[in-house]
Amino acid sequence: MPLSEHEQRLLEQMERALYAEDPKFASALEGTGLRTYTRRRVYLAVAGFVVGVALLMGGLVAQVIWVSVVGFLVMLGCAVLAVTAWRRGPAGHGPRQAAAPRRKTGVMDRMEQRWQRRRDEQSGL
C-alpha cells in the first residue's frame, strides 16, 4: 500500500530536517559505503585472479609445478570471492533482479521500502 501524499510530504520534511540537523549521520545512512565495499572486493578478486593466471603460466614456463598449483589455487579462491561478492550485492539478498530504472532514493524512501518488505514477509507467513 503506497503512502498518501500527506505522508510522503511528512517523510520528506523529516528527511530534510535530518540532513539539516546532522548531515554526517544522514550521509552515513545513505548506504553507499556497503556498495563501495562490495565493488572494491570484486575488483580485488579480479586482480587476484589475474595474479593467479600469471603464477600458473609462470610455473608452467619455468617448469616449477608448485608455483602453478599455487597460481591455480589463487585463481580458484579469487573466482569464488568475486562470485559471492557479486551475487550478494550491496543488500546481501542474492542476485539483483531486473527492475525499473533506478532513481535516487532518500533515506526515508529506503526506510519505507524496508518497512513494507518486512510487513509483506510477516503477512506471507
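Biologist: Which residues form a nonpolar patch on the surface?

Modeller: Ile 65, Val 69, Phe 72, Leu 73, Leu 76 and Val 80 do, with about 570 Å² of accessible area together. Patch members have over 30% relative accessible area and no salt bridge, and nonpolar side chains (Val, Leu, Ile, Met, Phe, Trp, Tyr) are joined within 5 Å. A salt bridge here is a side-chain nitrogen of Lys or Arg within 4 Å of a carboxyl oxygen of Asp or Glu. Areas come from the Shrake-Rupley method with a 1.4 Å probe, and for residues only the protein chains shown count as cover.

Biologist: What sort of model is it?

Modeller: It's a predicted model, where local features need pLDDT of at least 70 and side-chain atom pairs pLDDT 80 or more, while totals for chains, interfaces and linings use all residues. Residues are numbered from 1 along each chain as its sequence is written, and side-chain values use heavy atoms, leaving out hydrogens and water.

Biologist: Back to Ile 65: where does it lie, and is it buried or exposed?

Modeller: Ile 65 lies in helix H4, residues 65-88. Ile 65 counts as exposed because its relative accessible area is 58%; the cut-offs are under 20% for buried, over 50% for exposed, and partly exposed in between.

Biologist: How many helices and strands does the chain have?

Modeller: Five helices and zero strands. These are DSSP runs numbered from the N terminus: H or I of at least four residues for helices, E of at least two for strands.

Biologist: And how much of the chain is buried?

Modeller: Buried residues make up 18% of the 125 residues. Glu 15, in helix H1 (residues 5-21), is buried yet has no salt bridge.

Biologist: What's the nearest side chain of opposite charge to Glu 15?

Modeller: Arg 110, 6.7 Å away. For charges, Lys and Arg count as positive, Asp and Glu as negative, and His and the chain ends are not counted. Arg 110 is one of the buried residues of H5, along with Val 107, Met 108 and Gln 116.

Biologist: What does Glu 15 contact, leaving aside neighbours within four places in sequence?

Modeller: Gly 106, Val 107 and Met 108, with contact meaning heavy atoms within 4.5 Å.

Biologist: How far apart are Leu 10 and Met 108?

Modeller: They're 98 residues apart in sequence and 10.0 Å apart in space, C-alpha to C-alpha. Leu 10 is in helix H1 too, and counts as partly exposed because its relative accessibility is 38%.

Methods:
Buried < 20%, exposed > 50% of the residue type's maximum accessible area, 1.4 Å probe, protein only. Patch = residues over 30% accessible without salt bridge, like charges linked within 9 Å, V, L, I, M, F, W, Y side chains within 5 Å.
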